[in-house]
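Open the model in your viewer and keep the selection panel at hand. The tour goes from the contact between chains to single residues.

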Amino acid sequence: MTPRRGPRPTADRVRRLLVLLPWLMERREVAVAEVAAKFGLSEAEVVRDLELASMCGLPPFVDEMIDLYIDEGMIHVGVPRLFTRPLRISAPEGFALLAAARAARQITGADEQGDSALDRALAKLSVVLGGEGVVVDTPAPPLAAALRDAIIACARLRMTYWSAHSDRTSEREVTPRLVFVDRGRWYLIADDGASGEQRTFRIDRIESLTPTGATDEPREVQAPSATGWFEAADVPLVVLRVAAEGAWVAERYPVTSATAEGDGWRIELPVVSERWLRELLLRLGPGAVVEAPTEWVDLGRGAASELLARYDASRA
Amino acid sequence: MGRAVVDALERVTNLVALLLSARQPLSLERIGDELAGQYPTGEGAMRGAFERDKALLREIGVPIESEVLTGSDAGRTGYWIDRVKYELSDLELEPDERAALQMAVAAARLADAEFGLLKLGGEGESTPVVVANIPELAALPELREAASGRAEVVLRYHDRERTVQPYTLLLREGFWYLIGLDLGHHQVRTFRVDRIEGAVKVGTPGAFARPIDFDPRAVFPTDPKLLGDEVEARAEVLVDVPRADAVVRELGDEAVLRRVGDAVVVSVPCANRDAFRSWLFGLGTHAEVLAPQTLRADVVAWLEAMVAR
């Protein structure tokens with residue numbers, strides 16, 4: 001688990017301890033470092049909380065309720081009296097486990113196998129949680145399976161990709177590193193052969209993939225967080241005013257701000273390419289205005305007249 | 001005890017141990033006696049500290065029971081923890097099942113799921129090949145419990161109070177939806193969970209039965225272009241070279257009406273005009289509506305309004 005920063009409130013410490021104690025009892029001897037890594041704590045926090053726990057006790061087991069000691073970085077646990085079983089799964093944990101398992105069925109391709117281990121785990125989990133009540137619908141695009149295999153094998157692929165930025169299809173060599181799903185869209189993070197840099201591609205814009213036969217060194221990639229995965233990138237911010245019907249922009253895209261203004265909204269969002277903004281403006285229609293930057297103020301009108309010319313030309 | 005201050009972790013752990021091993025419900029006074037030196041003295045201060053500990057424990061999922069005592073403690077409240085409810089029953093996960101769950105949790109990156117996995121005896125971190133951003137909202141855990149336990153919920157949505165028999169939660173396109181029978185309208189409705197206003201009230205479990213043939217995917221069509229009154233409505237759209245292949249991949253070969261050189265004419269659902277326009281304009285100048293004429297005129301009017309403003 002990821003370590004947290006700042007002082008830990010008592011609730012968090014108790015919650016972890018009640019899971020940690022039975023976890024330790026099942027294993028009897030575990031390194032402090034291992035516990036720290038798994039439970040998202042520093043080694044000092046593990047030692048402190050376990051030393052406190054070993055002091056806990058009530059008559060008639062004043063000193064032996066929790067029998068453990070720490071020596072040379074190893075935790076040794078004796079015959080348990082109490083806390084032999086983990087605390088039941090709480091409502092938030094139950095929800096998160098089911099959501100994770102349901103999502104994983106689709107995104108990891110587990111649903112493509114018949115009787116998968118994940119399905120059996122889900123069935124057992126749902127008995128303990130009194131049913132499921134969670135459905136995840138993020139169907140995998142056809143290329144997802146090939147990309148997952150390539151990531152595991154560190155295989156270099158030849159990829160034909162349509163770029164929204166240049167409105168052209170080009171061919172390149174990539175080494176896929178991670179597939180990630182955000183707001184129902186599927187993305188690929190890969191090392192781009194030509195530049196050697198890490199790049200993010202939209203999987204629905206990949207036209208074709210073929211193996212090159214080459215493989216690369218394994219490399220771990222950090223997936224972007226749910227919010228603001230554009231924030232790190234150095235891209236221009238656009239200020240839009242949209243009518244009430246255009247409020248979906250703030251929900252669909254990672255905007256930096258959205259404030260109600262009159263009947264509509266004032267939205268600030270990072271824009272990666274001019275072409276993308278043109279398409280967004282066409283979708284928003286006459287109810288949207290670009291306020292900044294100035295070079296894009298007329299972008300929507302330009303896009304509309306260009307497309308209109310196409311309709312005029314084909315009018316039979 | 002010799003130590004001036006007892007760490008809250010130690011006091012709370014002792015309280016759990018005491019309530020778990022108690023043979024009968026314990027009054028506040030008894031708890032104070034058993035944990036001598038750990039709670040402040042004076043009844044008001046002691047009660048305040050105990051109430052905080054009780055709230056803390058309930059927050060992390062420790063089920064603390066209470067009842068009004070009889071006998072020598074008549075009238076006082078007694079507290080205990082039911083071990084059967086406290087302890088996680090053994091799921092008897094096979095190693096491959098636990099590993100699969102581990103992969104799932106690594107892919108979903110939800111802190112609560114990671115923690116739940118530790119309770120299930122999870123081992124080590126796994127490096128995921130696929131990850132997903134799954135939105136977390138405060139109301140989701142109780143809505144899920146209400147759906148699986150068949151408890152009615154009362155919620156505020158679009159400024160009105162609704163009583164709903166929750167059938168399921170659905171995650172689609174990055175949004176969580178609650179699907180259930182709206183008792184005010186006697187209709188199955190879909191509610192965006194992030195638009196539910198304020199707290200949700202959950203009734204008693206087992207209050208209703210979910211229709212056997214209920215299928216969340218059918219209630220709520222996958223393709224937003226199908227959401228509309230004329231579900232059958234379809235448009236003929238010409239798509240040019242740079243996007244033609246991708247569109248055929250998206251819609252399937254059965255959507256292809258004919259090929260015009262390298263370009264392609266496809267049949268696309270258009271019951272929902274907004275969703276259809278969104279799809280169409282996503283193709284920029286590479287797509288053109290050919291039929292029906294009303295839809296083509298609609299698109300032209302939309303563009304003319306943009307040019308005129």
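Select the contact first: 96 residues of chain A and 88 residues of chain B take part. Two residues are in contact here if their C-beta atoms, placed from the backbone, lie within 7 Å. Now pick helix 4 of chain A, residues 91-107; with 14 residues, this helix gives the most to the side of chain A that touches chain B. Colour that side by residue class: 54 are nonpolar, 14 polar and 28 charged. Nonpolar means Ala, Val, Leu, Ile, Met, Phe, Trp, Tyr, Cys and Pro; charged means Asp, Glu, Lys and Arg; the others, Gly among them, are polar.

A note on the model: it is predicted, local features need pLDDT of at least 70, side-chain atom pairs count only at pLDDT 80 or more, and totals for chains, interfaces and linings use all residues. Residues are numbered from 1 along each chain as its sequence is written, while chains are lettered from A and ligands numbered from 1 in the order in which they are written.

Helices (H or I, at least four residues) and strands (E, at least two) are DSSP runs, numbered from the N terminus. Zoom to D137(A): opposite stands R172(B), in strand 6 of chain B.

Last stop: W248(A), in helix 7 (248-252) of chain A. W248(A) counts as partly exposed because 13 C-beta neighbours lie inside 10 Å; buried takes 20 or more others within 10 Å, exposed 12 or fewer, with C-beta atoms placed from the backbone.

Technical notes:
Pairing = 2+ DSSP bridges.
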